[in-house]
Amino acid sequence: MSAIAAQAISTRRLDLLPLRVEHAEEMAGVLSDPALHAFIGGAPDTPQALRSRYQRMTAGSPDPAVSWLNWVIRLRDEACPTGTVQATIRHSGHSSLAEIAWVTGTPWQGRGIATEAARGLVGWLSRQPVRSVIAHIHPDHQASAAVATAAGLTPTGQWHEGEIRWHRSIRR
């Protein structure tokens with residue numbers, strides 16, 4: 001199975017743009033609110049730290065059986081970035097499993113942006129050789145649970161590092 005590369009994805013209001021190192025400066029501002037780390041831990045990255053992280057991410061996984069795909073969410077009408085979505089795809093035989101995640105900057109939360117981006121991402125993944133999509137969500141993070149539900153994932157009852165595993169099968 002060859003690696004899958006991120007491609008631009010458009011939804012009704014959003015453009016999901018494949019991540020580039022040059023996005024770091026702008027995204028540092030979008031992701032600067034410490035409240036974004038309430039469920040995942042850590043603290044906001046400086047522009048320099050984010051640039052370094054984006055360099056590693058865009059270089060790709062050192063494991064040929066794993067693809068790292070990352071996008072910046074751009075709200076088309078306002079021509080501004082609002083967050084990110086990502087998929088880590090593990091290839092196995094003739095099918096693959098995608099683990100997805102999303103984050104929306106605090107000023108844009110509550111506007112359906114994460115939901116629209118996650119749906120767009122899952123729709124795009126369904127056109128790739130991906131058979132299953134999973135996400136790991138903190139049990140108290142109701143907003144992320146709502147996004148996962150809207151993207152067609154359901155909680156499994158399985159736990160991973162203090163988070164609930166959500167799953168969606170992609171039928172062909």
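This is a predicted model: local features need pLDDT of at least 70, side-chain atom pairs count only at pLDDT 80 or more; totals for chains, interfaces and linings use all residues.

Residues are numbered from 1 along each chain as its sequence is written, and side-chain values use heavy atoms, with hydrogens and water left out.

**The sheet**

Colour by secondary structure; helices (H or I, at least four residues) and strands (E, at least two) are DSSP runs numbered from the N terminus. The strands to find form an open sheet of 8, in the order E1-E2-E3-E4-E5-E6-E8-E7, with mixed pairing. Two strands pair if DSSP finds at least two bridges between them. Strand E1 (9-10) and strand E7 (154-160) are at the edges and have a single partner strand each, so one side of each lacks a neighbour in the sheet.

Select E2 (residues 14-18) together with E3: the two are antiparallel, with 5 bridges. Aspartate 15 is opposite arginine 74 of E3.

Go on to E6 (residues 132-137) and E8 (residues 163-169), an antiparallel pair with 6 bridges. Here isoleucine 134 faces histidine 167 of E8.

E8 also runs antiparallel to E7, joined by 4 bridges. Tryptophan 159 has isoleucine 164 in E8 as its bridge partner. The E7 and E8 strands make a hairpin with 2 residues between them, and glutamate 161 in that turn has a positive phi of about 50°.

**The core**

Which residues have the most contacts inside the largest nonpolar core? Select Trp71, Ile100, Trp102, Leu121, Leu125 and Leu153, out of 46 residues in this core. H3 provides the largest share, 8 residues. A nonpolar core is a set of buried Ala, Val, Leu, Ile, Met, Phe, Trp, Tyr and Cys residues joined through side-chain atoms within 4.5 Å. Buried means under 20% relative accessible area, exposed over 50%, and partly exposed in between, with a 1.4 Å probe and protein chains only.

Centre on isoleucine 100. Beyond residues up to four places away in sequence, isoleucine 100 touches Gln86, Ala87, Leu121, Val122, Leu125, Val133, Ile134, Ala135 and Leu153; contact means heavy atoms within 4.5 Å.

**Two single residues**

Is glutamate 116 buried or exposed? Glutamate 116 counts as buried because its relative accessibility is 12%. This residue belongs to helix H3 (residues 113-125). Apart from neighbours within four places in sequence, glutamate 116 contacts Thr11, Arg12, Arg13 and Leu14.

Next select threonine 106, in the loop between strand E5 (95-104) and H3. Its relative accessibility is 31%, so threonine 106 counts as partly exposed. Valine 30 is 76 residues away along the chain, yet the C-alpha atoms of valine 30 and threonine 106 are 7.8 Å apart. With neighbours within four places in sequence left aside, threonine 106 is in contact with Val30, Asp33 and Leu36.

**The second largest pocket**

Finish by selecting Met57, Thr58, Gly60, Trp68 and Leu69, which lie nearest the centre of the second largest pocket among its 17 lining residues. Helix H2 (47-59) and strand E3 (66-75) each supply at least two residues of this lining, and E3 gives the most, with 5 residues.

Definitions and conventions. On a 1 Å grid over the protein atoms alone, a cavity is a set of points where a 1.4 Å probe fits but cannot get out, and a pocket is an open set with protein on both sides within 12 Å along at least five of seven lines; lining residues have an atom within 4 Å of a point.
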